[in-house]
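Subject: Structure for your files

Hello,

Here is the structure I said I would pass on. My notes on it follow below.

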Amino acid sequence: MTEFVCNPGGRISGQIRVPGDKSISHRSIILASIAEGVSHITGFLQGEDSLNTIKAFQQMGVPIQRNQDQVTVTGVGLHGLHQPAADLDVGNSGTAMRLLLGLLAGQKFDARLTGDSSLSTRPMRRVIDPLELMGAVIESESDGRAPLQVRGGQALTAIEYDMPVASAQVKSCLLLAGLYARGVTIVHEPAPTRDHSERMLRGFGCAVKSGNGEIRLPGEQALTACDIDVPADISSAAFFMVAASIADAGKITLQHVGVNPTRTGVIDILRLMGADIEILNRREIGGEPVADISLRSARLKGIEIPERLVPLAIDEFPVLFVAAACATGVTRLSGAEELRVKESDRIQVMADGLAILGIETEVKPDGIIIQGSKIGGGTVESRGDHRIAMAFSVASLAATDEICVKDCANVNTSFPGFAGLAQKTGIRISINEG
Ligand code: S3P
C-alpha cells in the first residue's frame with residue numbers, strides 16, 4: 001500500500017512542466033488508430049490510464065510504438081480494427097471506458113470492456129442509453145456497470161440527443177459512435193464541457209460543427225493522420241497552482257499548460273479567491289491553446305463558486321477544497337453532484353479527510369460548504385482516488401503537523417512522478433511503499 005508522508009510547511013519555487021494532458025492523450029490514440037496514415041504524438045501522458053488505452057488499440061491490431069512520451073500510431077482506417085483476443089481492460093479510466101464504448105458500438109466484432117473495482121461501480125447508463133437509441137447492443141453486468149459486452153455488426157443510425165448531464169465523456173462517446181452511423185449525429189450539451197474531441201476530430205480532417213451548445217457530426221467520414229503535441233495537463237498543474245497559493249512564500253511557473261477555455265475553471269475560481277496568477281506566452285499548438293502560468297503565494301478568501309464554472313473545473317475540486325480550507329471565510333459549492341461519481345465520491349471523501357485535519361465542512365447532495373481555518377495533521381484516506389491523494393499532499397504546505405495520505409498508488413494513473421516533482425518544488429513529501 002503506497003502512502004505519502006508529508007511534513008508540514010515549506011516554500012514553493014521553480015519552473016516545471018507537468019505531464020501531458022490525460023484527456024488529449026486518450027483521444028490522440030483513439031483518433032490516430034482509426035485514421036488513414038501515420039500520426040506522431042509528442043508529450044503523451046505516460047500514466048497508467050493512457051497506457052491502457054494504447055494497449056487496448058494494440059489488442060485491436062493497431063501498430064503503436066512508444067518511446068517515453070513520443071508515440072507513433074499507424075492508423076488502420078475507420079474499418080480496420082480487429083477483434084481483440086481478450087477483454088479490453090481500461091483499468092481506472094472512465095474516459096477510456098466511455099469513449100471506447102462509443103467506438104466499439106460501431107465495429108463489426110464483439111468486444112468486452114473491463115475495469116478496476118472503482119470503475120466497475122461507476123455509472124455507464126449515461127452512455128449505454130443513447131448508444132442503444134443509435135442501434136447499439138450492449139450488455140452490462142448489473143444496472144449499467146462494467147464489465148460491458150458490446151455486440152458488433154449493428155447498423156448504427158445517427159440521433160439527436162439532449163444530454164441530461166454536462167459530460168464530455170458522453171458527448172465524445174456519441175461522436176465516436178456517430179463516425180460509424182448513417183446520418184448526422186447531433187448532441188446538445190446543457191453546459192459547455194471540454195471540447196478536445198471536437199478540436200481533434202477537425203485536426204484529423206473531420207467536418208464537425210459546434211456552437212450554441214450543439215455539436216453536429218456527419219457519419220461515415222474518413223480521418224487523415226495528424227501529428228499531435230499534447231500540452232501539459234491543467235488538471236495536474238492545478239495541484240501546484242494551489243500549492244504556490246497556500247504556501248507561506250514562493251513563486252512557481254508551470255510551463256506549456258493547456259489553457260483550453262473549457263478547462264480553465266480552476267484559474268477563474270482561484271482568481272475569485274484572490275490568487276495571484278499570471279498567464280504568459282499564450283500560443284496555439286495543434287488547435288489547442290497553450291500558455292505558461294506563474295503563481296505567487298496569496299491570501300485566499302472564501303467564495304461562492306459560480307455554478308457555470310463547475311463543468312470547467314470538474315477534476316480540480318479536490319485541490320480547490322484544500323484552497324478553500326486555507327482561505328479566510330466560507331466557500332460554498334453547489335451544482336456539483338457529478339463529483340459523487342468520479343474515481344471516488346469526491347465530496348464525501350474530501351469532507352472525511354478535511355474533518356481529520358480539523359476543517360469543518362457541511363456536505364450537501366450536490367456540493368459542500370467549507371469553513372476555512374488552520375489545517376492540522378493526521379492520517380487521511382484517499383480511497384484510491386489519485387486526485388484526492390495529491391490534494392491532501394498539497395494541504396501539508398499549510399498544515400501544522402504531518403499529513404499521511406493512504407492508498408496513493410493510483411496517482412500513477414494521471415501523474416507519474418508526482419511525488420518527485422512535488423519534492424523538487426518544495427513540498428516535503430516522501431513515499432512509503434509499506
Ligand atoms: C473527461 C471528462 C470529465 C472528466 C474526466 C475526463 C474527458 O468527465 O471528469 O476526468 O476526458 O472527457 P465527465 O465527462 O464525466 O464530466
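Glutamine 68 lies in the loop between strand S4 (64-67) and strand S5 (70-76). Please keep in mind that this is a predicted model. Glutamine 68 is not a glycine, yet its phi is positive, at about 55°. Most residues other than glycine have a negative phi, and most peptide bonds are trans. Proline 147 is found in the loop that runs between strand S8 (137-140) and strand S9 (148-151).

Now the ligand. Which residues surround the ligand? The shell consists of Ser23, Arg27, Thr95, Arg98, Ser167, Ala168, Gln169, Arg194, Ile314, Asp315 and Lys342. By type, the shell residues divide into 5 charged, 4 polar and 2 nonpolar.

- Aspartate 315: a polar side-chain atom lies 2.6 Å from an oxygen atom of the ligand.
- Arginine 27: a polar side-chain atom is 2.7 Å from an oxygen atom of the ligand.
- Alanine 168: here a polar backbone atom is 3.0 Å from an oxygen atom of the ligand.

Taken alone, the ligand exposes 380 Å², and the protein buries 95% of that. The ligand sits in the largest pocket. The elements that give two or more residues to the shell around the ligand are three helices: H1 (22-33), H3 (94-105) and H5 (168-178).

To find your way around in the viewer, you could begin at the ligand and pick out Arg27, Ala168 and Asp315, which are among the residues surrounding the ligand.

Regards

Technical notes. Residues numbered from 1 in each chain as written. Predicted model: local features only at pLDDT ≥ 70, side-chain atom pairs only at ≥ 80, totals over all residues. Heavy atoms only, no water. Near = heavy atom within 4 Å. Polar contact = N/O pair within 3.5 Å; in protein donor to acceptor, adjacent residues only side chain to side chain. Areas by Shrake-Rupley, 256 points an atom, 1.4 Å probe, with all protein chains shown as cover. 1 Å grid on protein atoms, 1.4 Å probe; cavity = no way out; pocket = protein on both sides within 12 Å on 5 of 7 lines; lining within 4 Å. Sits in = over half its atoms within 2 Å of the grid points. Helix = DSSP H or I, 4+ residues; strand = E, 2+ residues; numbered from the N terminus. Nonpolar A, V, L, I, M, F, W, Y, C, P; charged D, E, K, R; others polar.
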